[in-house]
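Reader: Let us go through the ligand sites. I want each label set against its cut-off.

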Amino acid sequence: MLIKSENELRRAVEKAVDNVQLTDVHTHLFTPDFGNMLLWGIDELLTYHYLIAETMLHTDVPYSEFWDMPKREQANLVWDTLFIKNSPYSEACRGVLTVLSRLGLDVGGRNLEEYRKFFENLKVEEYIDIVFKKAGVKEIVMTNDPFDSDEVKVWQKGFERDKRFLAALRIDKLLNSWEEACLDLKSRGYDVTNEINSSTQKEIRRFLSEWIDRMNALYMAVSLPPSFRFPENSARSEIIRECILPVSREKNVPFAMMIGVKRGINPELKHAGDGLGKSGIEAVEHLCAAYPKNKFMVTMLSRENQHELCVTARKFRNLLVFGCWWFLNNPSLIEEMTRMRFELLGTRIIAQNSDCRVLVQLIYKWGHSRKIVAKVLIDKYSDILDTGWFIEENEIARDVEKIFGQNFHDLLACSL
Ligand code: HDL
Ligand code: ZN
């Protein structure tokens, strides 16, 4: 159907964005086979590390006392501090309310015990179906760490994987803590030495290939500090050059770099204590130019890196930007980044990923992002309609499919 008016445009965009069954390219979710590594339910939702960091701003409870509390007590403190003693309009707080509302619970009642009862009556398997359906999610990509001993046990035992849960090989330890990784690899029978000579390189490649095959990993991913440089004289650089990039080509899987995280700026906050810094774009420019047969996905954590990342992505068909990562996953910044990306990259982006750690977060992270992407898309289509260009409804649906998943699958499928 030809779009002839602003109203028809709005309706067509909202319909396409609301209905697209999307691919979530980066999450920390797991199938139930991984036991309690799959987080779900209201107490996990309330003790999401974003909310812990925010709670600790308002209370003088010592960090160690908080960490010693049982999960339920932690959740009570978060609820009382952020939702009762203060209005919950931060994005992480608002997300909890969106979830409760979309699950049909009485948000105005503010009755935490009632919400707990609702979740207690659900089995996680039936809950996965409810959440995926409500969130409009077709499939998610997990973050799978071959250095996590609990996770390794599940992969080695083997399991019938739910097809909606795809895998990504996460190699932070290999690239950011080589000494530790070397000891770990040695203990698992890989003939590696601290010095990354040719036989160690070969063994690291074997390790990567085995795990990509075992997980059927769609890509290899790493989070990197703002100081990340490539090339440089470091173990990380050598492993990327001699191991990651060759295996990435051989297996035809992208290398995903998530750049800009400063781990543990407040160690007392544990996994809630990370910060960010402005990174150099030069490493991305160099990798994309020097390795044209490699495929790269890149997201950067600093708002200040977004424009240069978009410009770099204009220059290289082997680079796809993805998501509004972590501290950027807030309405004001999602809108700013999405506008910038549409204006510089058109339809060739992966608009968002959720980064969910708790299953039910899919409902709010995607609910909130869809609205913003739809709003920006309406503006962009409206601008071209004003010139006399016409748009078919199915062209909108085509574009929306691309930015919410097809671009990712096309990147995986292509060989450069
Ligand atoms: O490194 C990452 O993948 C980050 O997303 C961290 O896991 C971070 O703790 C997070 O959950 N961000 O949303
Ligand atoms: Zn993440």
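Reader: What makes residues count as surrounding ligand 1, and which are closest?
Author: A residue is near a molecule if one of its heavy atoms lies within 4 Å of it. For ligand 1 there are 13 such residues, and the closest are Tyr50, Arg170, Arg263, Asp355 and Arg357. This is a predicted model: local features need pLDDT of at least 70, side-chain atom pairs count only at pLDDT 80 or more, and totals for chains, interfaces and linings use all residues. Residues are numbered from 1 along each chain as its sequence is written, chains are lettered from A and ligands numbered from 1 in the order written, and side-chain values use heavy atoms, without hydrogens and water.

Reader: How do you know which side chains make polar contacts with ligand 1?
Author: A polar contact here is a pair of N or O atoms within 3.5 Å. A polar side-chain atom of Arg263 lies 2.7 Å from a ligand 1 oxygen. For Asp355 the value is 2.7 Å, and for His28 it is 3.1 Å.

Reader: Why is His26 called buried?
Author: Buried means under 20% relative accessible area, exposed over 50%, partly exposed in between (1.4 Å probe, protein chains only). His26 has 2%, so it counts as buried. His28, at 15%, is therefore buried too.

Notes: Polar contact = N/O pair within 3.5 Å; in protein donor to acceptor, adjacent residues only side chain to side chain.
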